[in-house]
Structure formats: C-alpha cells, structure tokens
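The following note is intended for a colleague meeting this structure for the first time. Its points are numbered so that each may be checked against the model in turn.

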Amino acid sequence: MWTVRARRLVTADGPEDAPLGVREDVVLRIGDGKVDAIVPADEHLSGVDVATDLVTPGLVDAHTHAAWVGQRGEEYAMRLAGADYEAIGAAGGGIVASMRAVRAATTGDVAETLTARLRRMARLGVTTVEVKSGYGLDEASERKQLEAVARVAEDPRLPGVVPTYLGLHAVPPGQDRDAHAKACGEWLDGIAADGLARFVDAYVDRNAFSVEQARPVLEKARALGLGVRVHVGQFADVGGAEMAASLGAASVDHVEHISPEGVAALAEAGTAAVMLPVAAFTLAQAAPPVSALREGGVKLVVASDANPGTAPTESLPLAMAFAARQYGMTLEEVILGATRWAAASLGLPDRGRVFEGGPADLVGWDLSREAELLQPWGTPMTRWVMREGRLIVG
Ligand code: NIG
Ligand code: FE
C-alpha cells in the first residue's frame, strides 16, 4: 500500500457540469496497481508516503509517430526558407526520408530509440502513448516498427503503448498508389493475426490517399475487430470525416479542413476529433474549426503528433499549451482531451481519469493548480509519475 496526499486532485471524472472533478485535500491509497480509495485527508489518520500540491491522471497521448528513427532537420530548415511540406514529400523527402531510415534500422534500433523517447515522455507526465507505424511502407518494415512497439510494450517502467498500423501513410518511390493501398490491406491479415495492432490508420488527404483507396483497408480493419483512427483534412477536405464516421472510427485527426456535414457526421457517429496543434504550428496553418466541432458535440482530444516532419516534439504538455493558446480550447477541454477523452478514443475507458478501483496511473506535479498545466513550460514539470501503481519517474 502506497499513500499520496494531494492538496488538489483533478480526477477528470466529474459530473457533466464540473467534469474536471477537482477534489481538495485528499489521500489516495494505492495497492495492487489500483487506486484503492480516495479519502478526505482528515479521515486518514496515519502518515503518508508523499505529499503533492497537484495530482492528475497520467496524461494520454492518443496520436504519435514515436517509432521513428533518424531526424529531418535539413527539411525543416528548407521549410523555414519557404519550401512546402507537401512538395518536399512529393520530391521523395518527408515521410519517405523516414522510411529509408526505418528500413536501414534493425528492430532493436527502433525499440531502443522508442524506449528512450517513451522515457522522456514519461517525465512529461504521459503514462499511455499511441504509437503508429507508417515509416516502413513494405510488409517487413511495417512489421519491424510494430514488433519494436510490441517489445517496448512489455516494459512496465515505461508508459503503456497502443499500437496502430499506418501502412497507408505514403507511397514508396516508384510504386503505384492503388497497388500500395491494396498491398497494405493484404499485410493487415498477418498484422492482425499476430496481435501487432489495435488500430488501423490511413492518411486521407490530397497528395496522400483518397477515400476510395483507404476505405477497403479500414473496412477490413473493422471486420477483423480492430479500431480505426484516420488522418483527415490536414491540407484539404477530401471526404475523410464522412468516411471515418461511416466506419464508426474512434477518431479523425488533424481536421484543419472539414465541412459542416463532416462535423455532423462525426457527432452522429461518436467519433472524436484529435487536435494536433504542434503540427499546425510547424506548418504555419490555421486552426481547425474548434467552435463548430464543440458546438456540434464532437469530443475533442489533444495529442502531440510526435514525428520528425510536422511535429518535432515529444511533448503532450506543449500540445496542450498550444491547444489553449492557438486553438482557443478551454482549460477543461484541454485537460479532458489529454486524459479522459484521449483514453476513451483509444478504447481504454478506465485510463485518463482517477476513480476508486481504477488503474493507478497518476502524476504529481511541481505545480499548484491545473491552470498551470496550460503554460508552455518547455520542460518537465512533474515531480513523480506512476503507472499501474509503480513509480516510473521520481
Ligand atoms: O500527422 N500527415 C501525415 N503524417 C504526419 C507527418 C508525418 C511526417 O512528416 O513524417 C502528421 O502530420
Ligand atoms: Fe500524424
């Protein structure tokens, strides 16, 4: 049994009119990886192991490409000098540059890089991370990335990982787009059979894949019992939101470009919208229609998009700060979007919130109030981080 006294506990498990569920001066009793009890501090008569001003659920990063190796700094310099991200991709850079790096690496190399990255993410307060493939782009290399994720998933001292297969991320040089999309569907059988992915993603956009190319692969994912999350409308609205909703997708991600019909379809299907403000920042793009999504009743999630091209960061707290400042999301929306709704979109309804009997994924912050979580610290502000009752930081 481990006990924590929190001057302020944000449960992210409150009622509709106060969803942050803030409780003041409580003691959390933790045993067997779970939050056994949450009691008012004055009812807890023995000592405590640690006292912290602010405790929240472990943060949940629901969209990352964290299994990348190598860097693309020269491309970023070109973009700062005016080059266009899509044009760099079309000329064989971008995603394909990271593909070359992944193909040249071993599974062990990818696992090692990912482990170091997840450790840094943990220090930022993150206890669950979705990790996509998508830099392999042939069967063996997509599997290499997913096998590296599976290896890392066994380590209880790291954040938990949720693997997503993103074969439809780009087309390898010299190959036909339709043929690649078809092949991605074929690789899915083995990937699903080996339990290497919980979700399937596709990059549905102009200069990426069309609805017609993505739909069969995503339909197959559903038929195999996997969830669907889709890169949609980062550069143009090509109907991805409507397609994702019709498949009962868990999320659509980016959605800088989405029509009112797309928003309505998401709301109707209960598909969450994942906001990726660091990518919009590095691409100098305008924000998605956050108020239309909010008013339409779409659940908002905030994620880092950690990748070497459009979001060279590992920091979900940075994305949270941008979501508040650049996207106009409220404190509640940002916190729930990086905890409860992020976890729900990953099919983990017990994560991202604190309740008696729930998993002890918790963060003790070097901050006094939750509003301070939205400031762009640019540095870890955690005092300790716990995953399933085990201290992974601190
Ligand atoms: O979410 N847009 C597609 N995928 C990534 C970028 C990947 C990359 O540039 O390596 C994104 O922005
Ligand atoms: Fe992405």
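1. Which residue of E7 stands opposite Glu-130? In this predicted model, the residue facing Glu-130 is Val-162 of E7. Strands E6 and E7 run parallel and are joined by five bridges. Strand E6 covers residues 126–132 and strand E7 covers residues 160–168.

2. These two strands belong to an open sheet of eight strands, ordered E5-E6-E7-E8-E9-E10-E11-E12, with parallel pairing. Its edges are strand E5 (59–61) and strand E12 (300–302); each has a single partner strand, so one side of each lacks a neighbour in the sheet. From one strand to the next, the twist averages 25°.

3. Val-230 has Val-252 in E10 as its bridge partner. Together with helix H8 (residues 240–246), E9 and E10 make a right-handed β-α-β unit.

4. E10 is in turn joined by three bridges to strand E11 (residues 272–275), and the two run parallel. Here Asp-253 stands opposite Val-274 in E11. The chain passes from E10 to E11 through helix H9 (residues 260–269), in a β-α-β crossover that is right-handed.

5. A second open sheet contains seven strands in the order E3-E2-E1-E4-E13-E14-E15, and its pairing is mixed. Strand E3 (34–40) and strand E15 (390–393) are at the edges with a single partner strand each, so one side of each is left without a neighbour in the sheet. The twist in this sheet averages 40° from one strand to the next. Within the sheet, strand E13 (residues 362–365) and strand E14 (residues 382–387) are paired in the antiparallel sense over four bridges. Gly-364 has Trp-384 in E14 as its bridge partner.

6. Which residues supply the protein donors of the iron ion (ligand 2)? They are His-63 (NE2), His-65 (NE2), His-231 (NE2) and Asp-305 (OD), at 2.1 to 2.3 Å from the ion. Their spacing in sequence is H-x1-H-x165-H-x73-D.

7. His-65 counts as buried because its relative accessibility is 2%, and Asp-305 counts as buried because its value is 1%.

8. Helix H4 (107–123) has 17 residues and reaches 24 Å from its first C-alpha to its last, close to the 24 Å expected at 1.5 Å a residue. Its buried residues are Thr-107, Val-110, Ala-111, Leu-114, Thr-115, Arg-117, Leu-118, Met-121 and Ala-122. The cover over these buried residues includes E5, E6, H5, E7, E14 and E15. Just after H4, Gly-125 adopts a positive phi of about 105°.

9. Helix H5 (residues 139–153) has 15 residues, which at 1.5 Å a residue should span 21 Å; its end C-alpha atoms are 21 Å apart, in agreement. The buried residues in H5 are Ser-141, Glu-142, Arg-143, Lys-144, Gln-145, Leu-146, Ala-148, Val-149 and Val-152. They pack against helix H3 (95–104), helix H4, strand E6, strand E7 and helix H6 (177–193).

10. Ala-140 also lies in helix H5, but it counts as exposed because its relative accessibility is 56%, and exposed means over 50%. The C-alpha atoms of Ala-140 and Ala-181 are separated by 16 Å, and the two residues are 41 residues apart along the chain.

11. Ser-98 belongs to helix H3. With a relative accessibility of 2%, Ser-98 counts as buried. Leaving aside residues up to four places away in sequence, Ser-98 touches Arg-72, Tyr-135 and Pro-308.

Conventions: Residues numbered from 1 in each chain as written. Chains lettered and ligands numbered in written order. Predicted model: local features only at pLDDT ≥ 70, side-chain atom pairs only at ≥ 80, totals over all residues. Heavy atoms only, no water. Expected span 1.5 Å × (residues − 1). Buried < 20%, exposed > 50% of the residue type's maximum accessible area, 1.4 Å probe, protein only. Contact = heavy atoms within 4.5 Å. Pairing = 2+ DSSP bridges. Axes fitted to C-alpha atoms, helices over the stretch in contact; angles between N-to-C directions. Donors = N, O, S within 2.8 Å, 3.2 Å for Na, K, Ca; no water. Right-handed = clockwise from strand over helix to strand, strands pointing away.
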